[in-house]
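Thanks for passing this one along. Have a look at the model below, and then at my notes on it.

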2 protein chains.
Amino acid sequence: MEVAQRQDDVIHIGELEIHPGQGLALAGGTALTLSVREFGLLVALARSGGGIVAREDLYRRVWGGTLREGDRSIDVYIHKLRVKLEHALPGWRFIHTHVGFGYRFSPERSRAFHIRGTGR
Amino acid sequence: MEVAQRQDDVIHIGELEIHPGQGLALAGGTALTLSVREFGLLVALARSGGGIVAREDLYRRVWGGTLREGDRSIDVYIHKLRVKLEHALPGWRFIHTHVGFGYRFSPERSRAFHIRGTGR
DNA sequence: CCGCCCTTTTACAGGCGGTTCACGCGGCGG
DNA sequence: CCGCCGCGTGAACCGCCTGTAAAAGGGCGG
């Protein structure tokens, strides 16, 4: 398989449409307003094919270099991304934490909307 | 190489799909939320090819070092894994106890699962 | 010079994970 | 019949990891 280097490759994940080469991300059709770091993080996560990405790998791909001891940049930006995604697509969770392993990107419904009535 | 997801080795057992290198385990397509120890245990068991694994071996492979006298960590984590697997795939039993020998990993149907008020 | 936005750093809190206890139970040998 | 042994299981304890808010630093345009 040849590496797609054309900038018009598009990543579709759930209601998200990401254009890595253009710094553009659409959520349900409307554009997200993301900073460089936020967008890089989104792309790195979206490209992992639903697998878990280690924090070290994320840092290497987005920031470049090695993740220093005690650096919390990733946590902060994961949070910023989550906030923006949650705001753009309420009821969906994309970034899942796997403690000790890293983060996984996959659209899943929020449990916040629990069903009532059919309890038990 | 550009593919962000390495599918090096993947273990398929019943409805389980395990990615040892990523810390990812899927049950019927959905990701399990496992801790480092739980995942290590799952991999160790899944790799045993359906044979019985002695507690000492399990401990050596997952925790490293020798199992100390009176250490119950394995029992606790076997239980945690069972709970999560049972929750993810109701009606199936994967971890079988062989008293005095160890544990065996193999997907088998549970006996008719009816409601029991076994309290505690 | 001022203000805004982005990024990094710092601080604090809460939750999660790992270990250890405690208790219960069934099997087995004495 | 009794006590020991191995295992199941719920819970306490505690340190670390992560979530989150906010301050600090920096670059850029007005």
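The points below go from the fold to the core, the chain contacts and the DNA.

1. A word on conventions. This is a predicted model, in which local features need pLDDT of at least 70 and side-chain atom pairs count only at pLDDT 80 or more, while totals for chains, interfaces and linings use all residues. Residues are numbered from 1 along each chain as its sequence is written, and chains are lettered from A and ligands numbered from 1 in the order in which they are written.

2. The fold of chain A. There are three helices and seven strands in chain A, counting DSSP runs numbered from the N terminus (helices: H or I, at least four residues; strands: E, at least two). Along the sequence the order is β-β-β-β-α-β-α-α-β-β. Among contacts (C-beta atoms, placed from the backbone, within 7 Å) in chain A between residues at least 6 apart in sequence, 44% join residues at least 24 apart.

3. Burial and helix H1. Chain A has 120 residues, and 22% of them count as buried, meaning that 20 or more other C-beta atoms, placed from the backbone, lie within 10 Å of a residue's own. Helix H1 (residues 36-46) of chain A is largely enclosed by the rest of the structure, because eight of its eleven residues are buried. Among them are Glu38(A), Phe39(A), Leu41(A) and Leu42(A).

4. The core. The largest nonpolar core has 40 residues; such a core is a set of buried Ala, Val, Leu, Ile, Met, Phe, Trp, Tyr and Cys residues joined through C-beta atoms within 7 Å. Its largest share, seven residues, comes from H1(A). Leaving aside residues up to four places away in sequence, Leu42(B) touches Ile18(B), Ala25(B), Leu34(B) and Leu81(B).

5. Between the chains. Eleven residues of chain A contact eleven residues of chain B. The chain A side has four nonpolar, five polar and two charged residues (nonpolar: Ala, Val, Leu, Ile, Met, Phe, Trp, Tyr, Cys and Pro; charged: Asp, Glu, Lys and Arg; polar: the others, Gly among them).

6. The DNA. For DNA strand D, the closest residues include Asp75(A), His79(A) and Thr97(A), and helix H3 (73-88) of chain A and helix H3 (73-88) of chain B are the elements that give two or more residues to the surface.

Definitions and conventions. Two residues are in contact if their C-beta atoms, placed from the backbone, lie within 7 Å. A residue is buried if 20 or more other C-beta atoms lie within 10 Å of its own, exposed if 12 or fewer, and partly exposed in between; C-beta atoms are placed from the backbone. A residue is near a molecule or strand if its C-beta atom, placed from the backbone, lies within 6 Å of it.
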